Amino acid sequence: RVGAHPELADASSLNLFFTADQASMELAKKQHEEAAIKSPEPIDTSASTGPGGPEATPASTGARISTWMGKVASTARSKLGQVMEMEPTPDDAVISDIQGYAYNLDKNLKILARDAAALTQAYKVQVDKMDTMSVALSDLGTYTLEDNAVTVRTSSYGLCTKLGQNWQSLSKLASYQHASCETELDEPIQEMTRDVMALLKALAQRRDILFQYTRKAQAAKSKNVQMEKTRTSSSGNAKYGLYESELKILKEEGTKLWEQVNDISKRLQRDADRFRTQFAEKLRSTMEAFHSVQFQYSEKYVKGWQDILPHLAPLHVPTPSPSKPPPPSSVPPPPPSVTAIPSEEDDKTDGGDNADGAVTIKI
């Protein structure tokens, strides 16, 4: 089952390791144990656990297990190395083209499926955020006094109410868009992905059966070589009959496997052309439906954003007029002061009194 996984199907070495027969594994294990008895591995004496002497550390035990597993795998690969190359078939070129087509679809559909799911989730997040923002916008226009008994409306109450209603409508529109993304994009891509997985499964089934046929064909060739060796030996008559019966069984099993390979190859060729046509039409119809819905929602979004714009015009706040000079008073201004000119009589009268020559002016 692991070897037939789509991601591991082309790993020939891994497939070879998983399909090693029990006899080869037992033989490799036995040979390793005999070699270990004849020439035991040196024990690391650098770590001593007490006066009783050195003991094998967990690291050395793990190293021996790792070495044994490597030798077993190497022996299995050496004994089954002749089946690493699949037996050629007349349909190899066509099957190779179908396989390349299916691998390309699988790689890109996985990307589309992953990102479509992320896009759907992003719409869901947008719906939740717009919903909470609509409530917050509505609440901006009111506040509650400390005793929670009176709710006061601010001067922007009307504007905040309209904004909250507008964003609530847009939130509902986003929820419809989220649902359409899930039904019109995410689910159809998941269905197309399952179709491609079915195609890959059929290719893996053909490869598995061809691998089994290749093993039977290689075993039959080896059995023929053994029969030729026993034919020339004097004491090989008994073994020759045994090998002949085993070869007959191998050929019968190989014939059945070959028929299965041919049947699957013909079915793949017949279904591949229909699959290409159906897949192209399904992709076209899916994208047409999704794009049409998104276009309709985009128009509704534009209208929703435009509806609130008239209510967002700048507020006309009256500004004070420039200051003017005060009006003239009705009281006449005082007469201008007149400077009196001194006379000669004043000089004579006051001349004796002011010894210092100061002049006293009388008005």
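Mentor: Let's start with charges: searching the whole structure turns up 15 salt bridges. Keep in mind that this is a predicted model.

Trainee: Okay, which residue forms a salt bridge with Asp106, and how far apart are the closest N and O atoms?

Mentor: Lys110 is the partner, with the closest N and O atoms 3.2 Å apart. Because Asp106 and Lys110 are four residues apart in helix α4, about one helical turn separates them.

Trainee: Is Asp106 buried or exposed?

Mentor: Buried means under 20% relative accessible area. Asp106 has 10%, so it counts as buried. Lys110 is at 41%, which means partly exposed.

Trainee: What about Glu191 and Lys282, where do they lie?

Mentor: Glu191 and Lys282 form a salt bridge too, and their closest N and O atoms are 3.7 Å apart. Glu191 lies in helix α5 and Lys282 in helix α6, so the pair ties together parts 91 residues apart in sequence. Both ends are partly exposed: Glu191 at 38% and Lys282 at 26%.

Trainee: And how should I read Arg284 with Glu281?

Mentor: Their side chains meet in a salt bridge, 2.8 Å from N to O. Both residues lie in helix α6, three residues apart, or about one turn of the helix. Arg284 is partly exposed at 42% relative accessibility, and Glu281 is partly exposed at 42%. Salt bridges can also share partners: that is how Glu191, Asp195 and Lys282 join into one network.

Trainee: Let's move on to the nonpolar side. Which residues touch the most other members of the largest nonpolar core?

Mentor: The general idea is that nonpolar side chains tend to be buried together in soluble globular proteins. Here the largest core has 29 residues, and Ile98, Ile189, Val196, Leu203, Leu268, Phe275 and Phe279 touch the most other members. Helices α4 (92-139), α5 (157-232) and α6 (237-307) each supply at least two of the core's residues, and α5 gives the largest share, twelve residues.

Trainee: What does Phe275 touch?

Mentor: Leaving out residues up to four places away in sequence, Phe275 touches Tyr101, Leu105, Asp195, Val196 and Leu199. There is also a second, separate core of twelve residues, which includes Met130, Leu137, Leu173 and Tyr297.

Trainee: Ser134 is polar, so to speak. Is Ser134 buried or exposed?

Mentor: Ser134 is at 2% relative accessibility, so it counts as buried. It lies in helix α4. Setting aside neighbours within four places in sequence, Ser134 is in contact with Gly164, Trp167 and Gln168.

Trainee: Which residues make the nonpolar surface patch?

Mentor: Tyr143, Leu145 and Val150 make a patch of about 260 Å². Leu145 lies in the loop between β1 (142-144) and β2 (151-153), and at 36% relative accessibility Leu145 counts as partly exposed.

Trainee: How many disulfides does a search of the whole structure find?

Mentor: A disulfide is a covalent bond between the sulfur atoms of two cysteines. The search finds zero disulfides here. Cys160 is buried at 8% relative accessibility, and Cys181 is buried at 0%.

Trainee: Last one: what pattern does the protein chain follow along the sequence?

Mentor: The chain has seven helices and two strands, and the pattern reads α-α-α-α-β-β-α-α-α. Of its 363 residues, 26% are buried. Among contacts with a separation of 6 or more, 80% come from residues 24 or more positions apart.

Terms used. Residues are numbered from 1 along each chain as its sequence is written. This is a predicted model: local features need pLDDT of at least 70, side-chain atom pairs count only at pLDDT 80 or more; totals for chains, interfaces and linings use all residues. Side-chain values use heavy atoms; hydrogens and water are left out. A nonpolar core is a set of buried Ala, Val, Leu, Ile, Met, Phe, Trp, Tyr and Cys residues joined through side-chain atoms within 4.5 Å. Buried means under 20% relative accessible area, exposed over 50%, partly exposed in between (1.4 Å probe, protein chains only). Contact means heavy atoms within 4.5 Å. Patches are made of residues with over 30% relative accessible area and no salt bridge: like charges are joined within 9 Å, nonpolar side chains (Val, Leu, Ile, Met, Phe, Trp, Tyr) within 5 Å. Accessible areas come from the Shrake-Rupley method with a 1.4 Å probe; for residues, only the protein chains shown count as cover. A salt bridge is a side-chain nitrogen of Lys or Arg within 4 Å of a carboxyl oxygen of Asp or Glu. A disulfide is a pair of cysteine sulfur atoms within 2.5 Å.
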